[in-house]
Every structure is written in structure tokens, then in C-alpha cells.
Amino acid sequence: MIPMSTLGPPVIQLDAGDPKTFDLNFKGPVAKRSCTDVLCCIIFILCIIGYILLGLLAWVHGDPRRVAYPTDSKGHFCGQKGTPNENKTILFYFNLLSCTSPSVVINLQCPTTQICVSKCPEKFLTYMEIQFTYRTNKNYWTYYSQFCKSTFVKPAKTLTQVLLDDDCPIAIFPSKPFLQRCFPDFSTKNGTLTVGNKTTFEDGSGKTRNAIELRAAANRVNKILDARTIGMKIFEDYATTWYWILLGLIIAMFLSWMFVILLRYIAGLLFWVFMVGVIGIIGYGIGHCYQEYCNLQGQPNSHLTVYDIGIQTDISMYFQLKQTWFTFMVILCLLEVFIILMLIFLRERIRISIALLKEGSKAIGYIPTTLVYPLLTFIFLSICISYWAVIAVYLATSGVPVYKVITPEGQCKHENTTCDPEIFNTTEIAKACPGAQCNFAFYGGKSLYHQYIPTFQIFNLFVFLWLINFVIALGQCALAGAFASYYWALKKPDDIPPYPLFTAFGRAIRYHTGSLAFGSLILASIQIFRIVLEYLDRHLKEAQNNISKFLQCCLKCCFWCLETVVKFLNRNAYIMIAIYGKNFCMSAREAFNLLMRNVLKVAVMDNVTDFVLILGKILVTGCIGVLAFLLFTQRLPTIIEGPTSLNYYWVPLLTVIIGSYLVAHGFFSVYAMCVDTIFICFCEDLERNDGSTEKPYFLAPTLHGTLNKMQLVSQKQKE
């Protein structure tokens, strides 16, 4: 007979078919632990080391100035500090008319010399005119010479020699800087296109050109720069509104903090504030869409559809269509009806969620440091995002200047071959192709490093997703450990251990880095596969048939569902890891089995509480979004003057809305994690204890009474 003392603490088994056993002396998160998922921890650390080495390698080879500054024909940056071009910030084309050449589309370069200048031309002048007027007025040559490659004392060269040496443009015309490039100053006079108030002009070679030809050349260059045009405009909007965006995010942070604190005292009242606020904000959106729809009645072309205008780079064109505002209005109306119906049919379950929120408020009140933890998560996420963005830019700008042979007519057999600008004029190519130029094309290289840059970009993205999910997992595990310490304290707050959040964070880092990395790796793998599917869908859209489109749509849907399920399982697995200290697979299995045994409670409590918190996020986001909309569209001039002359007001507006939602999500996620942890502990509590003196419930009496009324505690357990 084995003495009972040698058997360890007493345990209880649910049934013969369930291997789960309970320690009847369990009083909270396990203190004595061991490291879990060590292999995954080692792989994770090696990936981080490789990520750091990749950053150093990209930093050595990359140069982000190549994105910020335009580049002349010799590969020099315009406007770069510490160089002769420091004060020359604008790129000037010698002969913009040559940009109508077919080679522009093939080589993505205009076959003419490009130099850096301090300002664009403001008048019509030709080289031949300068030669005639030089003897009587030298000021014209002084003005004209600033657009030449070298400084000349006088225009002594003949026109033919200037064309051969490519020293000066043969003509200049009024231009304005656009995207740091000189483009013709077009205008319309009595319905006729003009440039510098002229419809025709001399091109310097004895030919008379019109403004339409010049616009065709400018449009060719614009097509090359189209994507960059949008990017630069967005960058300009960010440069103009960054402090307003930052102010909006700060207000969102304080508003979220205020709501979280108020939930502790007036959870019921605040819930109905959420309801009225969200319904009111959506109602305002419906009213605004209807007003815009009515304003467009009778406007020319407003009856067109999105299908009629196709894909446009100018997003504002879509907002000039009645269909756009009608679609927004229908979506907002459906959302309004959905929320109202949810309130009607879930009114009883909402009482449960309010009770859980009040219990969560007590837990946060006893552990106030949990309200500060989202700031730490925000800092970690900001570091990860910044590091990923910097590496992506440095990788994209890695390489050396590559020069290509470019001819105006695009008929040279050496067209698009690499060349050396220093010796180009002495090579056979210059003799075989009269008028050919050796111009800068792009940055690249043929070394082993440059060949693997696409692979490095994929690795950069994958590790970034892994780190982002790990940071989120670390926060969830740390918060779960702290709130579990609160729940399993029989006498609250006397039995709550000191510094519960700091202790739980330390345990997660010391013992469970491998488990958190394992769960994050699964999520990152699913997310990278979804990104690959999106990439293939965009680049192979024209080559797809209906069957392949249907299969791809099914794959997208399946992987979205898979990611959602994995996030839910991971979240509960991290709670079990924080409580019991087991590895990821065992924790995920036990969490899944526990939820399946309490599926009714999951349906009643968990999702409704998430719905309440989502409404809080929508309220914060909506308040900041409405204020930002009124500010960026100049509708608050009497109260505060916002930014003017924005290219796309929706760029900073969407940034503020998305940023405010992320800020609100960070703070309300504390409550969500608190409620989820209390719910898991509650289910464990019901299976371990029966409410008797020997095995009392750890659940607060007020919440226990509410659950009794909703019949979420079995009669056997209540007895």
C-alpha cells in the first residue's frame, strides 16, 4: 500500500475518457516552470541575428537619397547637400520634345540630356536668338547659360556644334517645377492650349512647334512618373499635415484612456454612451453622403459609373460620381440597421458583458500598470515597423548607377545597352549611332548581393510579420498572467501577488519565448501566404480565366478563415501558457478542449463582450475621424485653421482614422484580454470547484449572481 503522502497533491479526473486532471490545491499561475519550445526559441533568435545582419548589409549598399532626389544624366543627385548641386534642386530636360520617342516607353527614360538647375526657365529663348543678341545685350546669355552643362563666357559654338557636344539646350520655354522637374507652363486661352501664353514657338532648330506637341511629350514623361507622382503628392500631404496627424493620435490616446478608466465606474452608462455615439456618428455619415449625392444632381458627368471612368490615379474623380456616395450611403445604412438589430436581440446577453466589464474594471483597478502596457507594445511595434521600412528602402536603393544607350528615334542596334559616360563619345557606339547618348537609367548591379535582393525583401517581410505577431503574443501572455493572478486570489486584493504584470512579463520572456515564437510563426506563415496570393492576383489578373479566379477567391477566403481561427486559438493558448506554463501545443489543445466543454458560455459571454469593446473602438475612431474630416476639408475655419492646398485630403484623413483605431485597439485590447482571461479562469473555476466551503469559487459574488440568473452555472454547481 502506497502512503497518500507520496502521491503528491490530490488530483481529480473529469471522466475516464478525458486525460485532463486537476490539482485541487491550485491557487493561481504556476510559479515553478521550465523553458518550453526551446528549438523554436533557438530558430527565432537565429532569425533575429540574421535580420540584424541583413540590416547592416543593406545599410552598407543602400542609399535612400536615391528616392528623395531626382538624378541627372550623370547619376548625380539634384539638391543633395555638400555637393555642387546643393542649390540646384530641380531637374531640367534639354529637349522635352524628344520624349515623344517610342524608346521612352521601352527604356523608361527620356532620350535627352538632363541636368540639375536652381529654377525653371520663365521665357522663350533659342540658342540662335542668343547668338544674335549677345553683341548688344549680354544679359540674355547670362540667363540662358544657367541651363547649360558647363559655364561658357560667350555663345561661340555653332548650333551644329552645340547639338553634337550636347552642351546647351537649343531652346527653352516657360516652365514650372512639378515633382522637382521642369514641365511646360500650360494654360488654356479661349479654349486653346497655350504654353507661356503662346500657341506656337520656335524649337531652336528652325521648326515651329505648337503647344499640343509639347503636351504630348510632357504626357510621355508623366506616364513614366505616374506612380511616383502619386507617391510624391502623398508625401507632400504627409509633410504638410504630420503634426495634425500626431495631434489626432494623441487625442485618440487620451480619449481611449478616459473611456477605459470610466469603464471601471460606469460600465453600464458608458455602454449606452457607446451605443448612442456610434449610431449618431454613422447617422452623420449617412446624412453627409445623402447631401453630397444631392449636390451632384445635375452636375455634368456625375451620372457616370466607376466602370465608365475605369481606374484613375486621381482618386478625387471617384468622389465626383453619384454612384460613389450612393454606395457609401447604402453601406452605412446597412451597418446602422445591423447595430440596432444586434442591440435588440442581444439585450440580455449585453447585461452579461457589462457584468464582465465591471469585473474586468476591478481587475484593472487593482493592477493599474496594465493600462500602461499598450504604450510598451506600441513602442515595440513602432521599432519593428520602422526597422522593416528602413531595410526595405535601403534594399530597394542598393546598387550602383547603371547607364544605358538612348537614341531619339530608338532605331540604333545598340539601343538600351550599358555604357560608360566618361568614354562614351570615343567608342564605336557614338559613331555608329549619331545622336545617341549615354544617360543614367537606374541603380542596380550584377554582384551576388544584387541578385538576391528580391529574396532579401521577402525575408525582410517574413521576419517583420513574425516579430509583429511575437510582440502582440508577448503582450497577451503578460496581461493574461497578471489578470489570472487577480482571478485566482481568493481574498481580493490581499491575496494578489506583488507586481503581477512585471512578474508575468518576466515569466513569458524567460520561460516561454519559444512558445510565443511558435504561435507567432504559424500566424506569420499564413499571413505571408495571403500576401503572395494578393501579389499573384494583381500581377496575373489579365492572364486568369474564370476557373482560376474562382479558385483563387476560394483560397483567399479559406486562408482568411484559417488566420482568424488561429488567432483565436493562439490567444487562448497564451492564456493557458500564462497560467500553467506548458508548451504551445499542449496549451492550445487544453484551451480548445476547455472552450468546447463550455461552448454555451462562449456563445453567450465572449463574443458579446467583444462586440461591446468594438463599439468603443468605433466611437473613438469615429469622433477623431469626424474632427479630422472637418479640419482637412476646411470646414472649421472659424474655430481653427487647418492645412491648406492638400493634394488628397483623404490621405491624412485615412491615416488619422486608421491610426486612431489602432490606438483605441491597443487600449481596449487590455480590457479584451482581461475579459478573456477571466472567462477562461471562470470555466476552469467551475470545473475545479463547486462553491462549497472546502472548494469555494474564486469568482466574485456579484458576477456569480448575474451568471446564476442567466443560468450559466449548473444547478449542481450552485448547490
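User: How many helices and strands does the chain have?
Analyst: The chain has 24 helices and 14 strands. Helices (H or I, at least four residues) and strands (E, at least two) are DSSP runs, numbered from the N terminus. This is a predicted model, where local features need pLDDT of at least 70 and side-chain atom pairs count only at pLDDT 80 or more, while totals for chains, interfaces and linings use all residues. Residues are numbered from 1 along each chain as its sequence is written, and side-chain values use heavy atoms, with hydrogens and water left out.

User: What share of the residues is buried?
Analyst: Of the 719 residues in the chain, 46% are buried. Buried means under 20% relative accessible area, exposed means over 50%, and partly exposed is in between (1.4 Å probe, protein chains only).

User: And what about contacts between residues 24 or more positions apart?
Analyst: Those account for 72% of the contacts in the chain with a separation of 6 or more. Contact here means heavy atoms within 4.5 Å.

User: Switching to helix packing: at what angle do H1 and H13 pack?
Analyst: Helix H1 (residues 38-61) and helix H13 (residues 373-396) pack at about 40°, and their axes are 9 Å apart. Axes are lines fitted to C-alpha atoms, for helices over the stretch in contact, and angles run from 0 to 180 degrees between N-to-C directions. That angle makes H1 oblique to H13; under 35 degrees counts as roughly parallel, over 145 as roughly antiparallel, 65 to 115 as roughly perpendicular and the rest as oblique.

User: Which residues make that contact?
Analyst: From H1 they are Tyr51, Ile52, Leu54, Gly55, Ala58 and Trp59, and from H13 they are Tyr387, Trp388, Ile391, Tyr394 and Leu395. They divide into ten nonpolar, one polar and no charged. In this scheme Ala, Val, Leu, Ile, Met, Phe, Trp, Tyr, Cys and Pro count as nonpolar, Asp, Glu, Lys and Arg as charged, and the others, Gly among them, as polar.

User: OK, salt bridges. How many are in the whole structure?
Analyst: A search finds five salt bridges. The cut-off is a side-chain nitrogen of Lys or Arg within 4 Å of a carboxyl oxygen of Asp or Glu. One of them joins the side chains of Glu563 and Arg530, at 2.5 Å from N to O.

User: Where do those two sit?
Analyst: Glu563 lies in helix H19 (residues 546-580) and Arg530 in helix H18 (residues 513-539), so the pair ties together parts that are 33 residues apart in sequence. Glu563 is buried at 8% relative accessibility, whereas Arg530 is partly exposed at 28%.

User: Which residue forms a salt bridge with Asp676?
Analyst: That is Arg571, with the closest N and O atoms 2.5 Å apart. Asp676 is in helix H22 (residues 650-688) and Arg571 in helix H19, so to speak distant parts of the chain, 105 residues apart. Asp676 is buried at 6% relative accessible area, and Arg571 counts as buried at 18%.

User: Which residue does Lys582 meet?
Analyst: The side chain of Lys582 meets Glu590 in a salt bridge of 2.7 Å, N to O. Lys582 is partly exposed at 29% relative accessibility, while Glu590 is buried at 11%.

User: Last one: where is Tyr499, and is Tyr499 buried or exposed?
Analyst: Tyr499 is in the loop between helix H16 (453-487) and helix H17 (500-511), and counts as exposed at 66% relative accessibility. Tyr499 also has a positive phi of about 50°, although it is not a glycine.
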